[in-house]
Amino acid sequence: MTISNNITRLLDSRKIAYTAYELPVEKLGALETARLLDVSPDVVFKTIVVTRKPGKPILAVVPGSHEADLKAVAKALGEKKVSLPTQAEAEKLTKLQAGGISPLALLNKGFVILLDESAREHDEIHISGGQRGLNVRLGVDDFIKLTNARVAVVSRKV
């Protein structure tokens, strides 16, 4: 039985094709997730919370093999400077546990969503399903349309 939550119900209600994957419920990084799913880390995207002053937080969605590039994020938004909150601050801002932070769980919550341009190299990407232990694969175009994500270079290879 696959996990059902607000994200899977949202995708179902919008008739968006996806595949849900159950994983161990401990906090997994994107690289470990890719290993467990036997896919390239380049298609497992992680959500990095980024803050700016003033303004709503940003969700930078970047490949597991990359890290968020704060200068590139700032440039994509026309900001002078952005910063990374601590894990505790990110959890407080999103009201989600690290390892389960998903742009799909934060729709209509005021977050600006930036999807790394490298996603365009793939038909589908994996993202967090909004809780630890759930990963969702969906089409890149569906993700962009659903989240109203801006696509820009916002990461660099680790």
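Start with strands β2 and β3, which run antiparallel and are joined by six bridges. The model is predicted. Select residues 45–50 for β2 and 58–63 for β3. Within this pairing, Val 49 stands opposite Leu 59 in β3.

Now widen the selection to the open sheet, which has four strands in the order β2-β3-β5-β8 with mixed pairing. The edges are β2 and β8 (150–152), each pairing on one side only. On average, neighbouring strands in this sheet are turned by 30° against each other, direction ignored.

Thr 47 is buried, with a relative accessible area of 13%. What does the side chain of Thr 47 reach at 3.5 Å? Display the backbone of Ile 101: its oxygen is the atom reached. Leaving aside neighbours within four places in sequence, Thr 47 is in contact with Leu 59, Ala 60 and Val 61, and also with Ile 101, Ser 102 and Pro 103.

The largest nonpolar core has 29 residues, and the members that touch the most others are Leu 11, Leu 115 and Phe 143. Two or more residues come from each of α1 (6–13), β2, β3, β5 (112–116), β6 (124–128), β7 (134–139) and α5 (140–147). Which element gives the largest share of this core? Colour α5, which supplies four residues.

Centre the view on Leu 115. Setting aside neighbours within four places in sequence, Leu 115 has contacts that include Phe 45, Val 61, Ile 125, Val 140, Phe 143 and Ile 144. Further along the chain, Leu 115 also contacts Ala 149, Arg 150, Val 151, Ala 152 and Val 154. A second, separate core has 13 residues, among them Leu 77, Val 82, Val 112 and Val 154.

Last, show the charged side chains. Seven salt bridges are found in the whole structure.

- Asp 42 and Lys 157: their closest N and O atoms are 3.8 Å apart. Asp 42 sits in the loop between α2 (30–37) and β2, while Lys 157 is in strand β9 (residues 155–157), so the two lie 115 residues apart. Asp 42 is partly exposed at 29% relative accessibility, whereas Lys 157 is exposed at 54%.
- Arg 156 and Asp 69: the closest N and O atoms of this salt bridge are 3.4 Å apart. Arg 156 is in strand β9 and Asp 69 in the loop between β4 (66–68) and α3 (70–77), 87 residues apart. Arg 156 counts as partly exposed at 39%, but Asp 69 is buried at 17%.
- Glu 124 and Arg 137: here the closest N and O atoms are 3.0 Å apart. Because Glu 124 lies in strand β6 and Arg 137 in strand β7, the pair ties together parts that are 13 residues apart in sequence. Glu 124 is partly exposed, with a relative accessible area of 38%, and Arg 137 is partly exposed at 25%.

To finish, select Glu 67 together with Asp 69 and Arg 156: salt bridges that share partners join these residues into one network.

How values were computed. Residues numbered from 1 in each chain as written. Predicted model: local features only at pLDDT ≥ 70, side-chain atom pairs only at ≥ 80, totals over all residues. Heavy atoms only, no water. Core = buried A, V, L, I, M, F, W, Y, C linked by side-chain atoms within 4.5 Å. Buried < 20%, exposed > 50% of the residue type's maximum accessible area, 1.4 Å probe, protein only. Contact = heavy atoms within 4.5 Å. Polar contact = N/O pair within 3.5 Å; in protein donor to acceptor, adjacent residues only side chain to side chain. Salt bridge = Lys/Arg side-chain N within 4 Å of Asp/Glu carboxyl O. Pairing = 2+ DSSP bridges. Axes fitted to C-alpha atoms, helices over the stretch in contact; angles between N-to-C directions.
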